[in-house]
Each structure stands twice: as C-alpha cells, then as structure tokens.
Amino acid sequence: MHPLRQPVLAAGLTALATAATLGLAPGAAVAAPAAAPSISVNWFGTADVRAHTATVGGRFDCGAERGLAYIEVHLDQRRGSVTGFGFGVIGACTDERTAGTWTATIPADQGRFRPGPATTIARLVIEPNSLTETTEPVRLRSRCAHP
C-alpha cells in the first residue's frame with residue numbers, strides 16, 4: 001500500500017466510526033427540528049373613522065406548540081399620534097388545528113384611525129409559554145359604510 005493511502009484510510013475510518021457513534025451513519029434517521037410558531041399581517045386593513053377603530057388581520061401557524069392561543073395587536077399611525085391595542089381570538093392550537101387566519105378590531109386610544117400607512121405589532125401567544133412577534137407595515141383603507 002502506498003504510504004499516503006494509509007493515513008487517508010485511517011482518517012476515513014475514524015470519521016465513519018465517529019458518525020456511527022453519534023447515530024449519523026448513512027441510513028440513520030435524523031429527527032427534524034420542531035417547527036416554530038409564526039405570525040404574519042396582511043398588507044391591508046380597514047379604518048372606520050366614525051367608530052374610531054381599525055381592523056387588521058393575517059395568518060398564524062402554531063408550529064409544534066399546543067395550547068390556548070390568541071393574538072395581541074398594537075397599531076400605531078402617524079408616529080404615535082394615534083395608537084390602539086386589541087385582541088384576535090383564535091381559540092386553541094391542537095393537533096387538528098395548527099394554522100389559520102386571524103382578525104382583530106383595534107379601538108383608538110385617542111384620536112381616530114384614518115386611511116393611510118400604519119405599523120402593526122402582532123404577537124401570537126400560545127399558553128403556557130410561547131410568544132412569537134412580528135412588526136409589519138399595513139395600509140389602512142376606508143371602511144365602506146353599509147346602509
């Protein structure tokens with residue numbers, strides 16, 4: 001055997017033995033990491049000037065988490081001159097329900113939400129100990145009045 005091949009062969013066998021010890025040998029199953037919860041906000045929402053409210057929505061995914069779940073939403077328009085806080089009730093993350101849509105109507109703390117750009121901070125809370133947050137821009141459109 002050539003002198004160079006022995007060290008290469010020895011290194012290869014050592015690497016294979018280490019991988020087998022760790023359970024990473026060819027054909028060994030490797031568990032996929034648990035999916036993390038996620039939340040997103042739709043690009044558009046509505047502003048109801050008369051009611052002093054805005055409505056925004058989006059999608060949620062529970063990932064591998066299970067438990068009572070809800071959405072907390074903070075809405076900021078015109079650099080803090082109009083703000084509000086609201087909830088989106090989604091029920092529970094279960095084996096049968098792991099993803100879906102959410103909607104929250106947010107009353108203005110002061111002033112009125114109007115059509116135009118705003119910033120949404122949405123949090124997906126899955127009890128007892130999971131919190132996922134996103135901050136996204138949203139454009140509020142005027143809510144059409146229904147007679």
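**Figure 1. Order of elements along the chain.** From the N terminus on, the elements run α-β-β-β-β-β-β-β-β. That makes 1 helix and 8 strands. Helices (H or I, at least four residues) and strands (E, at least two) are DSSP runs, numbered from the N terminus. The model is predicted: local features need pLDDT of at least 70 and side-chain atom pairs count only at pLDDT 80 or more, while totals for chains, interfaces and linings use all residues. Residues are numbered from 1 along each chain as its sequence is written, and side-chain values use heavy atoms, with hydrogens and water left out. Of the 147 residues of the chain, 31% count as buried. Buried means under 20% relative accessible area, exposed over 50%, and partly exposed in between (1.4 Å probe, protein chains only). Among contacts with a separation of 6 or more, 66% come from residues 24 or more positions apart. Contact means heavy atoms within 4.5 Å.

**Figure 2. The disulfide between Cys62 and Cys93.** A search of the whole structure finds 1 disulfide. The term covers a pair of cysteine sulfur atoms within 2.5 Å. Here the S to S distance is 1.9 Å. The torsion about the S-S bond is about -65 degrees, so the disulfide is left-handed. The pair links distant parts of the chain, 31 residues apart. Cys62 sits in the loop between strand 3 (53–61) and strand 4 (67–77), and Cys93 in strand 5 (residues 82–93). Both cysteines are buried.

**Figure 3. Strand 2 with its partners, strand 8 and strand 3.** Two strands pair if DSSP finds at least two bridges between them. Strand 2 (residues 44–48) and strand 8 (residues 130–142) pair in the parallel sense over 4 bridges. In this pairing Ala47 stands opposite Ser142. Strand 2 and strand 3 run antiparallel, joined by 3 bridges. Thr46 faces Thr55 of strand 3.

**Figure 4. The hairpin turn at His52.** Strand 2 and strand 3 form a hairpin with 4 residues between them. His52 lies in this loop. Its phi is positive, about 60 degrees, although His52 is not a glycine. His52 is partly exposed, with a relative accessible area of 31%. Next along is Thr53, in strand 3. Thr53 is buried, at 16% relative accessible area. Beyond residues up to four places away in sequence, Thr53 touches Thr46, Ala47, Asp48, Thr105, Ile106, Pro107 and Phe113.

**Figure 5. The largest nonpolar core.** A nonpolar core is a set of buried Ala, Val, Leu, Ile, Met, Phe, Trp, Tyr and Cys residues joined through side-chain atoms within 4.5 Å. Two or more residues come from each of strand 1 (38–41), strand 3, strand 4, strand 5, strand 6 (99–107), strand 7 (116–126) and strand 8.

Figure 6. Gln77 is buried, with a relative accessible area of 1%. Leaving aside neighbours within four places in sequence, the contacts of Gln77 include Val82, Arg112, Phe113, Arg114 and Leu140. Pro115, Gly116, Pro117 and Ala118 are also among them.

**Figure 7. The cis peptide bond from Glu127 to Pro128.** Omega is near 10 degrees. Pro128 lies in the loop between strand 7 and strand 8.
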